[in-house]
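Trainee: I'd like to learn how to read a structure like this one. Could we go through it feature by feature?

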Amino acid sequence: MPQVPQTFDALAVRTWCGLALEALGRAREEIDAINVYPVADGDTGTNLYLTLESATAAVEAVFAGHEVGGREAGGGDEAGGGRPTLADAVRAMAHGALIGARGNSGTILAQLLRGMAQVLAADSETAHTDGPGLRLALRQAADSARQAVAHPVEGTVLTVASAAADAANGAEGDCGAVARAAYEGARAALAATPGQLAVLERAGVVDAGGRGLVAVLAALVETFTGEAPRVRLGSPEVHARVAAVVTGVDIVGAGIGGVHPDVCEDGAPEEGGPAFEVIYLLEAEDAAVDRLRGRLDLLGNSLVVVGGDGLWNVHVHVDDAGAAVEAGVEAGRPYRIRITHFGLGDVHTGGPGRPPRERAQRAVVAVVPGEGLAGLYAEAGATTVLARPGEPPASGELVEAVRRAHAREVVLLPNDAELRHTAAAAAEQARADGVRVALIPTRSAVQGIAALAVHEPERRFDEDVVAMTSAAGATRYAEVVVAERQSWTMAGICQAGDVLGLIDGDVAVIGSDITTTAESVLDRMLSAGGEMVTLVLGDEAPEAIAVHLESRVRESYLAVDTVVYRGGRQGALLLIGVE
């Protein structure tokens, strides 16, 4: 038997994360299949895996950094230079989970790990590295996760976490004994979840989030004992139903193949549900987050806000995605915003009677440069990926967005010329997953708006793509920005602080006043004709610029309409589109 840690040290954290990630990888499809609460969107296993993957990567990065530092200092493990402390490891684990949390279940898992880290990394005279310390950590994890959920519901992962902490509290001995007690308590609570939540009982399954937590606790047992307990879901009937969903075989009367009603926070059936899932990281003070919780609670349900020390992860289901993002902007600085439209192919918006995990026929995935545009695109039915200034999304983020869209056919709008290779790589990966993907090479968000305006899911895929491509191609685009440094441009030499007007990617106007430069850019664009002007205002654009440009168009160009949107923190002061 391989040597196992006797206390909860940094190496134990690393081992646990690795084993838990492997366990969730093996169980991902099974957990996705039994996902019926709070939304039957078949992604709980995937979200848990991605959240823990981020936590594991953060822990590995801390170990790598200490190993490099140890070698440079000429020391090794004996000198303490080659291995992080327990506090370093658990803080990295918690932070990685927080910034990588996906979905309702992943957000709660992140808070569970953060709760454990608060105990294990605490500065105190008594080190919490033994069995009693692990008991305290599990208790804090369960309590903090419950506090993070606006309306806790029994029969969920919260119940399973509390049961694990209760069982651990009655255990004596080392970390292995405490971990095994927590696992057994969680497993028993998981088996009882159908009796606590009606939607689970009707579907004939246990709670998916709780199932994932049992897998994570089983990995904790293996970490300290070297033996992996067998994770059991419950009755043979449950196993049969899960197998039916995973393999696509229908079981008459099993429930999971027939009815997946949406449910309210109290577990009661609901006719429909909010159309969007909104998730973002938020830099904000505690008082602002308290106000944000109250506002978001009025907007929707499935509200979970986790984190602390100025950094938070916000998750909510709403009908007004823009309002949820706007609430975050008022509270602080939201970023990594992900807005998912549950879509017509999801029982969440279709009500009872649809088969589980049914894919939508077609979806649009778009990269957008600001929070305001993210809300606009989402309300038009698109799944969005936010690109903040200087932080372009990687191909993996686009692939994840395609998967979140959960459709057989996907139209991908990169909305940035520099993302064409990234988007192409993501499209190839999605095609390998069996999704039909069309990449429309939009170079600006205003071209994406034009494409989205003519999108008709009922048309044949090729016809829809042609129409969207044509609309995007017929839209000239421009932006007004402030020069950061002296540079040579197509319009001459600019100095730092100059206002630049770029048309179709090239600098065409250099000025000193934002409104005057924008007017000059607009005149140049309309000199070649146009029927529709789109203005997208950034946060730092002058308040009066939209009114001025609208008046200019109305007075100087007959039969040209103007539409104005607010883009939020989009990098550019102003985006202009002319169709």
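Trainee: Let's start with charged side chains. Which residues meet R293 and D290 in a salt bridge, or do they meet each other?
Mentor: The side chains of R293 and D290 meet each other in a salt bridge, at 3.4 Å from N to O. The term means a side-chain nitrogen of Lys or Arg within 4 Å of a carboxyl oxygen of Asp or Glu. The general idea is that side chains of opposite charge can pair when their charged atoms come close.

Trainee: Before we go on, what sort of model is this, and how are residues counted?
Mentor: This is a predicted model, where local features need pLDDT of at least 70 and side-chain atom pairs count only at pLDDT 80 or more, while totals for chains, interfaces and linings use all residues. Residues are numbered from 1 along each chain as its sequence is written, and side-chain values use heavy atoms, with hydrogens and water left out.

Trainee: Where do R293 and D290 lie?
Mentor: Both lie in helix α11 (residues 286–299), 3 residues apart, about one turn of the helix. Helices (H or I, at least four residues) and strands (E, at least two) are DSSP runs, numbered from the N terminus.

Trainee: What else is in helix α4?
Mentor: Q111 has its place there, in residues 103–120. Q111 is buried, at 8% relative accessibility. Leaving out residues up to four places away in sequence, Q111 touches S144, A145, A148, V306 and G307, where contact means heavy atoms within 4.5 Å.

Trainee: Which residues are linked in a network of salt bridges?
Mentor: R362, E409, R436, R459, R460, D462, E463 and D464 are. Within it, D462 and R436 have their closest N and O atoms 2.9 Å apart. D462 lies in helix α18 (residues 461–473) and R436 in strand β10 (residues 436–439), so the pair ties together parts 26 residues apart in sequence.

Trainee: Now strands. Which strands pair with β11?
Mentor: Two strands pair if DSSP finds at least two bridges between them. Strand β11 (residues 476–482) pairs with β18 (residues 574–578) in the antiparallel sense over 5 bridges, and V480 stands opposite L574. β11 also pairs with β14 (residues 499–503), again antiparallel over 5 bridges, with V482 opposite V499.

Trainee: Which element gives the most to the lining of the largest pocket?
Mentor: β11 does, with 5 residues. By class, the lining has 24 nonpolar, 10 polar and 12 charged residues. Here Ala, Val, Leu, Ile, Met, Phe, Trp, Tyr, Cys and Pro count as nonpolar, Asp, Glu, Lys and Arg as charged, and the others, Gly among them, as polar.

Definitions and conventions. Buried means under 20% relative accessible area, exposed over 50%, partly exposed in between (1.4 Å probe, protein chains only).
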